[in-house]
Amino acid sequence: MDYKLGEFDCGDDDLNEFLLVDAKPCLNLSIANTFILEDDGRIVAYFCLLNDKISRTEITGSRWKKIKGRFPKSKQFRSYPCIKIGRFAVSLDYRGKNIGSDLMDMIKDFLLKEQSSSAFRYITVDAYLSAIHFYEKNGFVQLNEKDENEHTRLMFYDKLVI
Ligand SMILES: CC(C)(COP(=O)(O)OP(=O)(O)OC[C@H]1O[C@@H](n2cnc3c(N)ncnc32)[C@H](O)[C@@H]1OP(=O)(O)O)[C@@H](O)C(=O)NCCC(=O)NCCS
(Lines give C-alpha, C1' and ligand atoms only; values in the text may rest on other atoms or scores of the structure.)
Protein backbone atom coordinates (compact mmCIF):
# COMPACT_ATOMS: atom_id res chain seq x y z
CA MET A 1 0.00 0.00 0.00
CA ASP A 2 1.19 3.55 -0.78
CA TYR A 3 1.04 5.61 2.39
CA LYS A 4 1.33 9.39 2.49
CA LEU A 5 4.65 9.19 4.28
CA GLY A 6 5.14 12.97 4.26
CA GLU A 7 2.05 13.47 6.41
CA PHE A 8 3.49 11.54 9.34
CA ASP A 9 4.62 13.82 12.17
CA CYS A 10 5.94 12.47 15.45
CA GLY A 11 7.46 15.81 16.44
CA ASP A 12 11.02 14.72 15.62
CA ASP A 13 12.44 15.80 12.24
CA ASP A 14 14.97 12.96 12.00
CA LEU A 15 12.34 10.29 12.61
CA ASN A 16 9.89 11.93 10.20
CA GLU A 17 12.59 12.16 7.54
CA PHE A 18 13.68 8.56 8.02
CA LEU A 19 10.18 7.34 7.18
CA LEU A 20 9.89 9.65 4.17
CA VAL A 21 13.39 9.27 2.71
CA ASP A 22 15.28 6.32 4.14
CA ALA A 23 12.79 3.59 5.03
CA LYS A 24 12.40 2.19 1.51
CA PRO A 25 16.12 2.26 0.57
CA CYS A 26 16.98 0.60 3.90
CA LEU A 27 14.39 -2.10 3.19
CA ASN A 28 15.69 -2.63 -0.37
CA LEU A 29 19.31 -2.75 0.81
CA SER A 30 18.42 -5.17 3.66
CA ILE A 31 19.69 -2.76 6.31
CA ALA A 32 16.46 -2.30 8.27
CA ASN A 33 12.84 -3.37 7.87
CA THR A 34 10.19 -0.74 8.58
CA PHE A 35 6.71 -1.64 9.83
CA ILE A 36 3.78 0.75 9.78
CA LEU A 37 0.74 0.80 12.05
CA GLU A 38 -2.17 2.41 10.23
CA ASP A 39 -5.66 3.57 11.07
CA ASP A 40 -7.93 3.90 8.06
CA GLY A 41 -5.00 4.82 5.80
CA ARG A 42 -3.38 7.22 8.29
CA ILE A 43 0.01 6.32 9.72
CA VAL A 44 -0.32 5.99 13.50
CA ALA A 45 3.20 4.76 14.24
CA TYR A 46 6.18 3.05 12.70
CA PHE A 47 9.21 1.11 13.84
CA CYS A 48 12.25 -0.60 12.28
CA LEU A 49 13.88 -3.89 13.10
CA LEU A 50 17.39 -5.10 12.29
CA ASN A 51 19.92 -7.54 13.66
CA ASP A 52 22.33 -6.40 16.36
CA LYS A 53 24.67 -7.66 19.06
CA ILE A 54 25.67 -6.61 22.55
CA SER A 55 29.41 -6.96 22.89
CA ARG A 56 32.02 -6.65 25.60
CA THR A 57 33.79 -3.82 23.79
CA GLU A 58 30.89 -1.36 23.99
CA ILE A 59 29.83 -1.92 27.59
CA THR A 60 31.50 -0.86 30.85
CA GLY A 61 32.82 -3.62 33.14
CA SER A 62 30.13 -3.82 35.81
CA ARG A 63 27.32 -3.73 33.26
CA TRP A 64 28.93 -6.42 31.15
CA LYS A 65 28.99 -8.70 34.23
CA LYS A 66 25.21 -8.22 34.46
CA ILE A 67 24.82 -9.36 30.85
CA LYS A 68 27.35 -12.19 31.07
CA GLY A 69 26.08 -13.26 34.50
CA ARG A 70 22.75 -14.25 32.94
CA PHE A 71 24.52 -17.17 31.26
CA PRO A 72 26.17 -20.30 32.65
CA LYS A 73 29.99 -20.16 32.71
CA SER A 74 30.32 -22.36 29.63
CA LYS A 75 28.20 -19.89 27.63
CA GLN A 76 29.90 -16.67 28.70
CA PHE A 77 30.97 -15.22 25.35
CA ARG A 78 32.27 -11.84 24.20
CA SER A 79 28.98 -10.94 22.52
CA TYR A 80 25.35 -12.00 22.39
CA PRO A 81 22.85 -11.79 19.52
CA CYS A 82 20.10 -9.19 19.59
CA ILE A 83 17.37 -7.61 17.52
CA LYS A 84 17.46 -3.84 17.45
CA ILE A 85 14.49 -1.51 17.32
CA GLY A 86 16.16 0.97 14.98
CA ARG A 87 13.42 3.59 14.96
CA PHE A 88 10.21 3.89 16.96
CA ALA A 89 7.73 6.75 16.67
CA VAL A 90 4.07 7.47 17.33
CA SER A 91 2.26 10.28 15.48
CA LEU A 92 1.55 13.40 17.54
CA ASP A 93 -2.15 12.88 16.74
CA TYR A 94 -2.13 9.56 18.61
CA ARG A 95 0.32 10.37 21.41
CA GLY A 96 -0.24 9.45 25.07
CA LYS A 97 -2.97 6.88 24.36
CA ASN A 98 -0.83 3.90 25.26
CA ILE A 99 -0.32 3.13 21.57
CA GLY A 100 3.48 3.12 21.95
CA SER A 101 3.28 0.64 24.83
CA ASP A 102 0.72 -1.55 23.06
CA LEU A 103 2.90 -1.56 19.95
CA MET A 104 5.93 -2.49 22.06
CA ASP A 105 3.96 -5.42 23.54
CA MET A 106 3.05 -6.48 20.02
CA ILE A 107 6.69 -6.33 18.87
CA LYS A 108 7.83 -8.39 21.86
CA ASP A 109 5.04 -10.90 21.33
CA PHE A 110 5.84 -11.19 17.64
CA LEU A 111 9.60 -11.53 18.20
CA LEU A 112 9.36 -13.92 21.15
CA LYS A 113 7.20 -16.29 19.12
CA GLU A 114 9.58 -16.04 16.18
CA GLN A 115 11.53 -19.28 16.47
CA SER A 116 12.00 -20.05 12.81
CA SER A 117 15.08 -18.00 11.95
CA SER A 118 18.24 -17.01 13.80
CA ALA A 119 18.42 -16.80 17.58
CA PHE A 120 18.52 -13.61 19.61
CA ARG A 121 18.54 -13.04 23.36
CA TYR A 122 17.98 -9.31 23.75
CA ILE A 123 15.97 -6.55 22.12
CA THR A 124 18.08 -3.38 22.00
CA VAL A 125 17.33 0.26 21.33
CA ASP A 126 19.39 3.45 21.19
CA ALA A 127 16.88 5.43 23.20
CA TYR A 128 16.55 9.17 22.91
CA LEU A 129 17.20 10.59 26.38
CA SER A 130 13.65 11.96 26.38
CA ALA A 131 12.27 8.47 25.70
CA ILE A 132 14.17 6.58 28.42
CA HIS A 133 11.16 6.70 30.75
CA PHE A 134 8.95 5.21 28.02
CA TYR A 135 11.34 2.30 27.45
CA GLU A 136 11.84 1.67 31.18
CA LYS A 137 8.08 1.59 31.55
CA ASN A 138 8.15 -1.11 28.88
CA GLY A 139 10.71 -3.34 30.59
CA PHE A 140 13.94 -2.04 29.02
CA VAL A 141 17.07 -1.52 31.14
CA GLN A 142 19.87 0.99 30.54
CA LEU A 143 23.14 -0.69 29.63
CA ASN A 144 25.65 2.03 30.33
CA GLU A 145 25.52 4.55 33.12
CA LYS A 146 27.01 7.13 30.77
CA ASP A 147 25.70 7.98 27.31
CA GLU A 148 27.52 6.63 24.27
CA ASN A 149 26.65 9.98 22.78
CA GLU A 150 24.81 13.00 24.06
CA HIS A 151 21.49 12.14 22.39
CA THR A 152 20.92 8.44 23.00
CA ARG A 153 21.46 5.69 25.53
CA LEU A 154 21.72 1.98 24.78
CA MET A 155 18.95 -0.01 26.45
CA PHE A 156 18.01 -3.68 26.35
CA TYR A 157 15.12 -6.02 27.04
CA ASP A 158 15.94 -9.61 28.03
CA LYS A 159 13.49 -11.99 26.37
CA LEU A 160 14.11 -14.67 28.99
CA VAL A 161 13.48 -12.50 32.04
CA ILE A 162 9.86 -12.83 33.04
C1 LIG B 1 8.15 7.87 22.97
C2 LIG B 1 6.84 7.57 22.22
C3 LIG B 1 7.07 6.48 21.19
C4 LIG B 1 5.77 7.14 23.21
O5 LIG B 1 4.58 6.86 22.51
P6 LIG B 1 3.13 6.97 23.24
O7 LIG B 1 2.14 6.25 22.39
O8 LIG B 1 2.85 8.37 23.58
O9 LIG B 1 3.45 6.14 24.55
P10 LIG B 1 2.46 5.57 25.66
O11 LIG B 1 1.17 6.32 25.64
O12 LIG B 1 2.39 4.10 25.55
O13 LIG B 1 3.31 5.90 26.95
C14 LIG B 1 3.43 7.23 27.29
C15 LIG B 1 4.59 7.33 28.22
O16 LIG B 1 5.70 7.80 27.46
C17 LIG B 1 6.10 9.07 27.98
N18 LIG B 1 6.16 10.00 26.87
C19 LIG B 1 5.16 10.65 26.32
N20 LIG B 1 5.60 11.48 25.37
C21 LIG B 1 6.92 11.33 25.31
C22 LIG B 1 7.93 11.90 24.52
N23 LIG B 1 7.69 12.82 23.59
N24 LIG B 1 9.15 11.47 24.69
C25 LIG B 1 9.39 10.55 25.61
N26 LIG B 1 8.49 9.98 26.41
C27 LIG B 1 7.25 10.37 26.25
C28 LIG B 1 5.04 9.57 28.91
O29 LIG B 1 5.68 10.16 30.01
C30 LIG B 1 4.25 8.33 29.29
O31 LIG B 1 4.68 7.83 30.52
P32 LIG B 1 3.60 7.71 31.74
O33 LIG B 1 2.52 6.77 31.24
O34 LIG B 1 4.38 7.14 32.87
O35 LIG B 1 3.09 9.08 31.94
C36 LIG B 1 6.30 8.84 21.51
O37 LIG B 1 6.22 9.84 22.49
C38 LIG B 1 7.15 9.33 20.38
O39 LIG B 1 6.97 8.89 19.25
N40 LIG B 1 8.03 10.28 20.65
C41 LIG B 1 8.83 10.95 19.63
C42 LIG B 1 9.78 9.99 18.99
C43 LIG B 1 10.66 9.30 19.99
O44 LIG B 1 11.18 9.87 20.94
N45 LIG B 1 10.85 7.99 19.73
C46 LIG B 1 11.74 7.16 20.49
C47 LIG B 1 13.04 7.12 19.73
S48 LIG B 1 14.25 6.17 20.61
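This is a predicted model: local features need pLDDT of at least 70, side-chain atom pairs count only at pLDDT 80 or more; totals for chains, interfaces and linings use all residues.
Colleague: What makes Asn98 exposed?

Modeller: The same cut-off of 12 or fewer applies. Asn98 has 10 other C-beta atoms within 10 Å, so Asn98 is exposed. Its place is in the loop between S3 and H3.

Colleague: What is the phi of each of these residues?

Modeller: Phi of Ser30 is near 60°, a positive value in a residue other than glycine. Asn98, which is not a glycine either, has a positive phi of about 70°.

Colleague: How do you know that the span of helix H1 agrees with its number of residues?

Modeller: Helix H1 covers residues 13–28, and at 1.5 Å a residue its 16 residues should span 22 Å. The expected span is 1.5 Å times one less than the number of residues. The end C-alpha atoms of H1 are 23 Å apart, so the two values agree.

Colleague: Where in H1 does a kink lie?

Modeller: The kink, of about 55°, lies at Asp22, shortly before the proline Pro25.

Colleague: Which residues of H1 are buried, and what do they pack against?

Modeller: Phe18, Leu19 and Ala23 are buried in H1. A residue is called buried if 20 or more other C-beta atoms lie within 10 Å of its own. The buried residues of H1 pack against strand S1 (33–39), strand S2 (42–55) and S3. Over the whole protein, 25% of the 162 residues count as buried.

Colleague: How do you know that the radius of gyration agrees with that of a compact globule?

Modeller: For 162 residues, a compact globule would have a radius of gyration near 15 Å; the protein has 16 Å, and therefore agrees. Its C-alpha trace spans about 50 × 35 × 30 Å along the principal axes. The chain forms four helices and six strands, in the order α-β-β-α-β-α-β-α-β-β from the N terminus on.

Colleague: How many residues surround the ligand, and which are the closest?

Modeller: The ligand is surrounded by 22 residues, the closest being Val90, Gly100, Ser101, Ala131 and Phe134. Two or more residues of this shell come from each of strand S3 (79–90), helix H3 (99–113), strand S4 (122–128) and helix H4 (132–137). By class, the shell has 11 nonpolar, seven polar and four charged residues.

Conventions
Residues are numbered from 1 along each chain as its sequence is written. A residue is near a molecule or strand if its C-beta atom, placed from the backbone, lies within 6 Å of it. Ala, Val, Leu, Ile, Met, Phe, Trp, Tyr, Cys and Pro count as nonpolar, Asp, Glu, Lys and Arg as charged, and the others, Gly among them, as polar. The bend at a residue is the angle between axes fitted to the seven residues ending there and the seven starting there. Two residues are in contact if their C-beta atoms, placed from the backbone, lie within 7 Å. The radius of gyration is taken over C-alpha atoms; the globule rule is 2.2 Å times the number of residues to the power 0.38.
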